[in-house]
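Have the model open while you read.

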Amino acid sequence: MSFIQQFITRAITYLGFFSQHYPNIFFILKWLLISLLIGVLAGSASAGFLVSLERATEWREANQWVIALLPLAGLLIGLVYYYKGKGVEAGNNLVIQTIHRPGKKIPLKMGVFVYAGTLITHLFGGSAGREGTAVQMACSIADQFSKPFRLNEEERTILIIAGIAAGFGSVFGTPLAGAVFGLEVFLMGRLRYRAIFPAFAAAIFADITTRWWEVGHSHYEVAVVPALSFTPVIYALVAGVVFGLCAALFSRMLHGLSALFKSMISYPPLRPVCGGLLVALAVYITGTTRYIGLGLSTISEAFTVQMLFYVFLVKILFTTVTLSSGFKGGEVTPLFFIGATLGSALSLVVPLPVGLLAGIGFVAVFAGATNTPLACTLMGIELFGMESGVYIAIACVVSYLMSGHNSIYKSQVIGDVKNGRFWNHAGKTFNDL
């Protein structure tokens, strides 16, 4: 027997041994390859998107007259989605629906449309975020691998979860939070453990890729963290209650205004025209651009300066009008703004350091609005350090509970109810409530 024949025979023998005694080794190798592909492509897409968004923001701030054209920008977005974007206008809700009921492949045009729509929204002065865009781009890329790798329905759901993790982790530079967000967001109260390895691998590879492109992320510092004791823990719990109520307010306003626009304006392309007009007028009346775009400078300021109580409310109005009328972008960065400024303002009555309350609010309002307390706790630790971890965890969990059965994602399924009184809600989506 030749050397090559001996090698092939031994290789087959070893493969048979491993497949019998260590079946997960093939699962790991398979998903390591798929996650690497998703991570590199999604991370590159996020890097390009972040750079484009930064350039668009800089140009808008240098040419603020362009905000007057926001209604026309809304008309353009509305027309494109109405005539060419049928089937992808649901955005993140379509991604979540695909996890629960795998159907048609998510088309690549979802990523293209949301990328262009988000840039236009920010260029002309809408108030929106960026995570929705990154997630949709990543999932539209990821789903293209379902046929080449001959994935079944169960494996395809894992693929989409990995896409969510890659998009979220790379756009914020928080791979651990991105992985858990992908596992947590589509089914409230439960995790799909089979997807843990692909989610973490894709999020880590995507974050590495974004950093390889030398694209930076926003950094915030919690300068003072009190020693762990009974009193500051109670204060963090009280703050969590406020953040949860704020999250519920945001979710209800977002969906309420969306229903109002639909009931009052039957032709969809005209809805962002009206929304853009309202936002542009609000910018003119307030005389400031701090409430449009991402608002990163105001978020940074909230960690060092005590904010006024109305700041977070104004941002809620700007963002809910922008997104509910049909402009594109995410909700998460505005939620960071809302949470950080609300936390900063709370320092007037809650005796915790302003930076710590801003940091807690940054993630806790997001936790309540998306029902993802674990992901938000990890995000807080990744962004602000382990010293703040206990306070962040307490506020995120309490916010999650206090926000009730509300969510910014209507397709999110209730896997485990927050209150036993509402046991009959289990298995329903928030769209059914």
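Contact here means heavy atoms within 4.5 Å. With that in hand, the buried residues of helix 13 pack against helix 5, helix 10 (230–264), helix 11 (271–286) and helix 14. Keep in mind that this is a predicted model.

**Helix 13**
- Helix 13 covers residues 310–324, and its end C-alpha atoms lie 21 Å apart, which agrees with the 21 Å that 15 residues should span at 1.5 Å a residue.
- Of its 15 residues, 12 are buried, so helix 13 is largely enclosed by the rest of the structure.
- Among the buried ones are Val311, Phe312, Val314, Ile316 and Phe318, along with Lys315 and Ser324.

**Helix 14**
- Helix 14 (residues 332–346) runs 21 Å from first C-alpha to last, close to the 21 Å expected for its 15 residues at 1.5 Å a residue.
- Here 15 of the 15 residues are buried, so helix 14 is largely enclosed by the rest of the structure.

**Helix 3 against helix 5**
- The axes of helix 3 (residues 70–84) and helix 5 (residues 109–123) come within 10 Å and cross at roughly 170°.
- Angles over 145 degrees count as roughly antiparallel, so that's how helix 3 runs relative to helix 5.
- On the helix 3 side, the contact uses Leu70, Ala73, Leu76, Ile77, Val80, Tyr81 and Lys84.
- Helix 5 brings Lys109, Phe113, Val114, Gly117, Ile120 and Thr121.
- Sorted by class, this contact has 9 nonpolar, 2 polar and 2 charged residues.

Methods:
Residues numbered from 1 in each chain as written. Predicted model: local features only at pLDDT ≥ 70, side-chain atom pairs only at ≥ 80, totals over all residues. Heavy atoms only, no water. Axes fitted to C-alpha atoms, helices over the stretch in contact; angles between N-to-C directions. Helix = DSSP H or I, 4+ residues; strand = E, 2+ residues; numbered from the N terminus. Parallel < 35°, antiparallel > 145°, perpendicular 65-115°, else oblique. Nonpolar A, V, L, I, M, F, W, Y, C, P; charged D, E, K, R; others polar. Expected span 1.5 Å × (residues − 1). Buried < 20%, exposed > 50% of the residue type's maximum accessible area, 1.4 Å probe, protein only.
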